[in-house]
Amino acid sequence: MTNHPRGDVVVVGAGMVGAACAFHAARAGLDVVVVDRGPVAGGTTGAGEGNLLVSDKEPGPELELALLSLKLWGELAQELGVAVEYEPKGGLVVASTPEALTALAELADGQRAAGVRATEVDAGELADLEPYSAPGLAGGVLYPQDAQVMPTLAAAHLLRASGARLETGRTVTRVLRGPDGAVRGVRTNRGDLLAPAVVNAAGAWGGEVAALAGVELPVLPRRGFVLVTEPLPRRIRHKVYAADYVADVASDSAAIQTSPVVEGTAAGPVLIGASRERVGFDRSFSLPVVRALAAGATRLFPFLADVRAMRTYLGFRPYMPDHLPAVGPDPRVSGLFHACGHEGAGIGLATGTGKLIAQVMTGEPPALDLTPFRPDRFAEEAAS
């Protein structure tokens, strides 16, 4: 009996993206091994809200990936049933001033041309959609395609449905390469896992895994906090966020930014985000950030001022300099594929990413043009 398990592909990372890669690769007939130094969904996935969004994306490659992913999420939700807490509840982006509303309407026009369903709502209709929202808001845009899943459950069920062999508690220390430079598996602290293909789905740690294969991938962690309230009756019907959230997502600033994102959950607590700051992997609690989140949420929903916050948690979004993930084969190392750098959209973009990776691994034409997601695009920029 060999102590080096073999497969067709080793997926590094048991978060949402790794789970989706494993699922689609297995569905394409590949023998899959998934390895992670921690538990399933132990990184960014477990610290996320489970957003499946098109509303916060400008027309372009990321929106195309989001639309593909949303379609696949819908199919998966039917297959996996209530297990993943899939809720197609829609998103509502609100503007506090007429100027912000005009900018929002312009964004929605471009999104509609790209295949997004978006309906403009005036101040009066806002109150019908969200009876507890603050008076005096100028209006907003309703995005019926926005949805939500429970990320840790979704990752676990997707891995189970994939039938992949799961190797948790094993740290990858090297990507093994043959004399010809091609991938032949990974070395871990508990032995080798052999395969002619390796998928880097290590999220915020994707740059470190790339380095183990001898290539550079500029993934940076961007810290975010989420505030969780006591369980409440369902008062917030959609995912509701302020128009400035879209600008914060697209920003390159390392400084702290907070823009309110508020939503109810099936279990009752209200989740309040979203903060972004580049502070490396600093896990310390930040009272000013959490205060800013609470203040932003009560501006949208005044009743939250009397609600208790039960806990807060934080995670690290895998941020890339151009805000697009690395998805596809790495031309620098035969057999190495990347599926990371999705920033705060990894849950929503996971299914499309997994499908694209499985397609290119099995020689099928990918559903989207992978050129904008090329893992070596930054190396080319540096060279030029």
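Author: Let us begin with a lining: the residues that line the second largest cavity divide into six nonpolar, one polar and one charged, where Ala, Val, Leu, Ile, Met, Phe, Trp, Tyr, Cys and Pro count as nonpolar, Asp, Glu, Lys and Arg as charged, and the others, Gly among them, as polar. This is a predicted model, in which local features need pLDDT of at least 70 and side-chain atom pairs count only at pLDDT 80 or more, while totals for chains, interfaces and linings use all residues. Residues are numbered from 1 along each chain as its sequence is written, and side-chain values use heavy atoms, with hydrogens and water left out.

Reader: Which residues line the second largest cavity, and what makes a space a cavity?

Author: On a 1 Å grid over the protein atoms alone, a cavity is a set of points where a 1.4 Å probe fits but cannot get out, and lining residues have an atom within 4 Å of a point. By that test Leu 52, Leu 53, Lys 57, Ala 66, Leu 70, Ala 345, Gly 348 and Leu 349 form the lining, and the elements that give two or more residues to it are α2 (61-80) and α9 (346-361); helices (H or I, at least four residues) and strands (E, at least two) are DSSP runs, numbered from the N terminus.

Reader: How many cavities of 30 Å³ or more are found in the whole structure?

Author: The search finds two. Among the residues lining the largest cavity are Leu 232, Pro 233 and Phe 303.

Reader: Why is Cys 21 called buried?

Author: Buried means under 20% relative accessible area, exposed over 50%, and partly exposed in between (1.4 Å probe, protein chains only). Cys 21 has a relative accessible area of 1%, so the residue is buried, and Cys 340, also with 1%, is buried as well.

Reader: What makes the contact between Glu 263 and Lys 89 a salt bridge?

Author: The rule asks for a side-chain nitrogen of Lys or Arg within 4 Å of a carboxyl oxygen of Asp or Glu, and these two side chains meet at 3.5 Å, N to O. Glu 263 lies in strand β15 (residues 257-264) and Lys 89 in the loop between α2 and β4 (91-95), so the pair ties together parts that are 174 residues apart in sequence. Glu 263 is buried at 0% relative accessible area, and Lys 89 counts as buried at 13%.

Reader: Which residues are linked with Glu 263 in a network of salt bridges?

Author: Lys 89 and Lys 239 are linked with Glu 263 in that network. The closest N and O atoms of Lys 239 and Glu 263 are 2.5 Å apart, and Lys 239 lies in strand β14, 24 residues from Glu 263. In total, the structure holds 19 salt bridges.

Methods: On a 1 Å grid over the protein atoms alone, a cavity is a set of points where a 1.4 Å probe fits but cannot get out, and a pocket is an open set with protein on both sides within 12 Å along at least five of seven lines; lining residues have an atom within 4 Å of a point. Grid points are joined across faces, edges and corners, and a volume is the space filled by probe spheres set on the points.
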